[in-house]
Amino acid sequence: MTSSRFFRIALVLGLLSAIGPFAIDMYLPALPEIGSSLDAAIGPVQMSLTVFFIALGVGQLLYGPVSDMVGRKPPLYFGLGLFALASIGCALATDIEMLIALRFVQGLGAAAGMAIPRAVVRDLHTGNEAARLMSLLMLVFSVSPILAPLAGSAVIAFTGWRGVFWVVSVAAVIGLATIASVLKETRPAEERVESSLGSALRAYGVLLRDTHYLGLVFIGAFAMAGFFTYLANSSFVMIDHYGLSPTVYSVAFGVNAAAFFGAAQLNGMLCERFGIVRVVKTSVTACGLVMTAMFLYYLSGGDRLAVLIVLYFIASALMGFVIPTTSVLALEQHGAIAGTASALLGTLQMLTGAVVMTVVGLFTDGRPLPMVAGMAGGALIAVLLAWITLGGRRSTRYAAG
């Protein structure tokens, strides 16, 4: 593959992957306003985020096997079309219950853009080249958490929170046009002969019995769970507790996101030099230590916004080394069922994040400590899983990349 095509594929896949998260990140600054507008408490407003993650996870279970059976492009068309229609419905919602239901449908549509691009990466590359392409995809994907909250703040200032959903519906239409005009099918008909509903169920059985695959998936899942906890709580903590404006909050959020995606761009170089396994184990351990330090600070009575921003900036950068590489390792041995393996990976990670968000939500009081405790807990579980999963003989083959 030529260099220009390599970068073009990364651009397209990154933009498709970003459409769903864009629907999360753009409306984060509006969460307090949504509560006021629809006369809803913090819990139900957060539920509109949680159900999106649940649908984003469950939907991938369907899109992955379907993409193995019919190709990568048709499920992308369906998913983005469903996402666009649900986004319009969200813009017209009259109460929090209606918004929650439509957010679930929106998440089902967005799941296509989450599961299928990873499978396309595996269709095209393995090993360090896959890590490089995945990291480039993540760089494009980074436009969402860096720019989306700022864009959301601007849209909200002029149109209110409903304008956010009109904007993401337009983004979905642009995504549909991009698929039709730029993306080529990477799973040709001859490779789909053995794919069927029965083979998909058997594939899920194989994956669920593969403890190495599951270990890698859950390393990424619990690393991401801390980020999901931050998503669900940070607007209330920073806007209501620390008194930031939605725009300043968006800047703070974008800075941490930039750390994640900036670090991810070093993955290819680091994995070639030190090996993927060493990069994952070192980074996840360092992230756990940083998050533990943050938790102990707040547990001891500290309450400075600068500490939260600085320590989470460091932790975000370290997660940038962990999440793309664990995805590559998890899919490495499952190229024949890459769509199914990618789907199960996405489902388990999203559902893990949703469960952690729900548990933390039981203790949410608008102050930082419950949020930080959830973030630290996820990071420490990821550390434990990394040393269990990547300490065995099976992992040594990856040690040199």
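By nonpolar core I mean a set of buried Ala, Val, Leu, Ile, Met, Phe, Trp, Tyr and Cys residues joined through side-chain atoms within 4.5 Å; buried is under 20% relative accessible area, exposed over 50%, and partly exposed in between, with a 1.4 Å probe and protein chains only.

The model is predicted: local features need pLDDT of at least 70, side-chain atom pairs count only at pLDDT 80 or more, and totals for chains, interfaces and linings use all residues. Residues are numbered from 1 along each chain as its sequence is written, and side-chain values use heavy atoms, with hydrogens and water left out.

Let me turn to α10, which covers residues 211–241 and holds L216. Helices here are DSSP runs of H or I of at least four residues, numbered from the N terminus. L216 counts as buried because its relative accessibility is 1%. Beyond four places in sequence, L216 touches T326, L329, A330, T389 and L390, where contact means heavy atoms within 4.5 Å.

Next, helix α5, residues 96–124. Its 29 residues should span 42 Å at 1.5 Å a residue, and the end C-alpha atoms are 43 Å apart, which agrees; the expected span is 1.5 Å times one less than the number of residues. A kink of about 30° is centred on A110, the bend being the angle between axes fitted to the seven residues ending there and the seven starting there. Because 21 of its 29 residues are buried, α5 is largely enclosed by the rest of the structure. At its start, a side-chain oxygen of D95 reaches to within 3.2 Å of the backbone nitrogen of E97.

Finally, where is S153 placed? S153 is in helix α7, residues 143–159, and is buried at a relative accessible area of 9%.

Note on methods:
Helices (H or I, at least four residues) and strands (E, at least two) are DSSP runs, numbered from the N terminus. A polar contact is a pair of N or O atoms within 3.5 Å; within protein, one must be able to donate a hydrogen and the other to accept it, and residues adjacent in sequence count only if both atoms are side-chain atoms.
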